[in-house]
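This report is for a reader new to the structure shown below. Please look at the sequence and the model before reading on.

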Amino acid sequence: MLGLAPRGAALGSAAPVLPSLLHLARQFTEWATVDPKKLSGAAPASCQNLVAGRWTGSRESRQLPDPLNGEPFISVPHTQVDEITPFVESLRAVPKSGLHNPLKNPQRYLLYGDVSFRVAAEMRKPAVEDFFARLIQRVAPKSYDQALGEVRVTRKFFENFTGDQVRFLARGFTNPGDHAGQTSSGTRWPYGPVALITPFNFPLEIPALQLMGALYMGNKPLLHVDQRVSVVAEQLVRLLAHCGMPASDLDLLHGPGATVGEVIKRAEPRSTLFTGSQRVAERLAVETHGKVFLEDAGFDWKIMGPDVSNVDYVAWQCDQDAYACSGQKCSAQSILFAHSNWVQAGLLNKMAAAAAQRQLSDLTIGPVLTWTTEAILAHTNKLLQIPGAKVLFGGKPLTGHSIPAVYGAVQPTAVFVPLVEALKPEHFGTVTTEVFGPFQVVTEYGDGQLPLVLEACERMTHHLTAAIVSNDINFIQHVLAHTVNGTTYAGIRARTTGAPQNHWFGPAGDPRGAGIGTPEAIRMVWSCHREIITDFGPVPPASGLKQS
């Protein structure tokens with residue numbers, strides 16, 4: 001089996017455990033039920049559901065294939081529809097006023113400030129940090145630095161919401177009334193029973209940040225994570241319970257999407273947060289009668305302004321945006337609009353050179369979990385039918401590996417399509433198809449063609465992230481003024497990828513759009529506005545009352 005090595009070591013080499021870390025490792029054995037360093041077909045892991053405060057199994061189990069060699073290495077409950085009654089009853093037992101709100105059980109805001117503090121302290125331990133990074137690598141293969149970055153962003157999020165910070169999330173406002181004794185107060189109110197569905201690509205960060213937002217605001221969430229990576233979320237939940245979270249505050253359901261959909265249909269949660277594919281998002285919006293927040297597809301653009309500088313850095317960032325995590329980010333660079341000045345400066349050649357350095361041995365390129373090799377190459381060939389299209393680099397399968405055929409394994413790929421051809425109605429849909437893998441479209445524009453670039457941005461249907469690479473403030477302001485993407489970086493260091501804990505990450509232009517990470521995102525997604533008007537008098541004399 002191909003093992004996972006620390007930074008700087010080749011995969012397959014032994015990963016030494018430093019003696020100074022042994023005592024730290026013992027500190028988290030109380031809650032950790034998986035050893036990512038030993039996880040393999042010979043030592044498979046078993047997962048459990050959590051419902052109404054109890055860890056349980058299911059009648060059937062699903063054996064998940066190791067994405068690096070195809071061996072079955074994790075057994076997850078394959079919960080069926082006839083087993084969902086406890087989950088339905090658990091959600092339906094939650095009052096609409098939530099487990100806490102500004103007037104009910106306010107001490108629970110402090111409870112979650114303390115839980116966040118303890119979790120952050122645990123995640124600062126080198127052994128715990130390494131535990132989560134390696135577990136992420138095993139189920140969603142990415143480089144150790146990428147996995148470690150996910151862990152650290154998650155830890156910083158917990159640090160942000162320690163002490164009184166959870167209580168401050170529920171801050172409201174007051175306005176004077178129109179007579180003595182009357183005051184109106186705006187409050188943040190929980191939904192009560194809610195559901196949270198997250199994808200495979202960030203198996204710790206996305207569930208953790210959205211789950212905690214739901215809990216902070218007083219909701220009881222049903223958490224479902226893609227089965228292929230749900231072991232990571234289970235370990236997080238066990239850590240939360242270890243750090244003081246009441247185990248009955250959330251339910252965790254491993255199982256197929258159809259089972260989760262039936263729970264939602266029967267339990268009727270007041271709100272559902274979904275992060276994942278556009279197809280499922282639209283279906284869920286219909287099935288929940290619109291009671292959803294969505295962070296779905298992201299065909300993300302990067303526009304290079306005419307002013308050229310720092311070409312080596314910009315090429316490196318383009319490579320990171322398009323191919324880190326094997327392109328399996330909803331914020332990955334999907335299309336690059338390069339001004340001719342950048343092309344003449346050698347940007348595309350530098351991008352090709354950077355992509356060529358990526359290797360399966362250190363997981364800077366790796367398995368694609370939602371597109372097969374054949375599907376990616378077929379899409380490549382479809383683009384090549386467009387007049388003037390060509391492969392800039394990549395476009396071939398990876399070789400010398402044991403990745404199972406159910407997953408994709410391709411070289412980092414860029415396909416050039418002429419801008420005018422890309423805008424034609426018969427081509428635009430193909431050009432703007434999001435490939436959730438190491439794949440991007442590149443096009444070139446010249447002086448006077450920026451309106452065509454902006455037309456392309458206007459015609460795209462999903463507006464998640466974007467980057468405007470320029471130090472020309474007038475150019476940046478013009479592009480910002482005519483586009484809508486929710487998370488947009490601007491400047492010479494602009495990137496499309498980036499969902500840290502310090503700024504909003506989410507789409508714009510859709511009233512169902514969800515944010516993640518910040519106080520504003522938590523308030524918007526996991527609470528609603530309630531206006532309470534107190535009116536105590538004095539009561540006017542009866543003689544002054546008249547009908548109207």
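How many cavities of 30 Å³ or more does the structure hold? The structure holds four of them.

## Basis of the report

The model is predicted, so local features need pLDDT of at least 70 and side-chain atom pairs count only at pLDDT 80 or more, while totals for chains, interfaces and linings use all residues. Residues are numbered from 1 along each chain as its sequence is written, and side-chain values use heavy atoms, with hydrogens and water left out.

A cavity is a set of points where a 1.4 Å probe fits but cannot get out. A pocket is an open set with protein on both sides within 12 Å along at least five of seven lines, and lining residues have an atom within 4 Å of a point. Grid points are joined across faces, edges and corners, and a volume is the space filled by probe spheres set on the points.

The largest cavity has a volume of about 90 Å³. Its lining consists of 16 residues, and Gln333, Ser334, Glu434, Val435 and Phe439 lie nearest its centre. Strands E14 and E17 each supply at least two residues of this lining. The largest pocket holds about 1200 Å³ of space. It is lined by 44 residues, with Phe274, Gly276, Ser277, Arg279 and Val280 nearest its centre. Strand E8 (193-198), helix H9 (257-267), strand E11 (271-275) and helix H10 (278-287) are the elements that give two or more residues to the lining of this pocket.

## The seven-stranded sheet

Helices (H or I, at least four residues) and strands (E, at least two) are DSSP runs, numbered from the N terminus. Two strands pair if DSSP finds at least two bridges between them. Seven strands form an open sheet with mixed pairing, in the order E15-E16-E17-E14-E13-E18-E19. The twist averages 20° from one strand to the next, taken between axes that are lines fitted to C-alpha atoms, with angles from 0 to 180 degrees between N-to-C directions.

Within this sheet, E14 (residues 333-339) and E17 (residues 439-445) are parallel and share five bridges. Ala338 stands opposite Glu444 in E17.

## The three-stranded sheet

A further open sheet has three strands in the order E1-E5-E4, again with mixed pairing. Strand E1 (45-46) and strand E4 (61-65) are the edge strands. E1 runs parallel to strand E5 (residues 72-77), and two bridges join them. Ala45 has Ile74 in E5 as its bridge partner.

## The annotated domain

The unreviewed UniProt entry carries the annotation "domain: Aldehyde dehydrogenase" for residues 66-491. UniProt positions are given in the numbering used here, feature names are shortened, and annotations may be inferred rather than shown by experiment. Over residues 66-491 the chain is 42% helix and 18% strand, with the end C-alpha atoms 40 Å apart.

## Cysteines and a buried glycine

With a disulfide taken as a pair of cysteine sulfur atoms within 2.5 Å, the count comes to zero. The closest cysteine sulfur to that of Cys457 is in Cys318, 15 Å away, which is too far for a bond.

Buried means under 20% relative accessible area, exposed over 50%, and partly exposed in between (1.4 Å probe, protein chains only). Cys457 is buried at 4%, whereas Cys528 is partly exposed at 26%. Gly408 lies in the loop between E15 and strand E16 (413-416), and counts as buried because its relative accessibility is 0%.

Technical notes
On a 1 Å grid over the protein atoms alone, a cavity is a set of points where a 1.4 Å probe fits but cannot get out, and a pocket is an open set with protein on both sides within 12 Å along at least five of seven lines; lining residues have an atom within 4 Å of a point.
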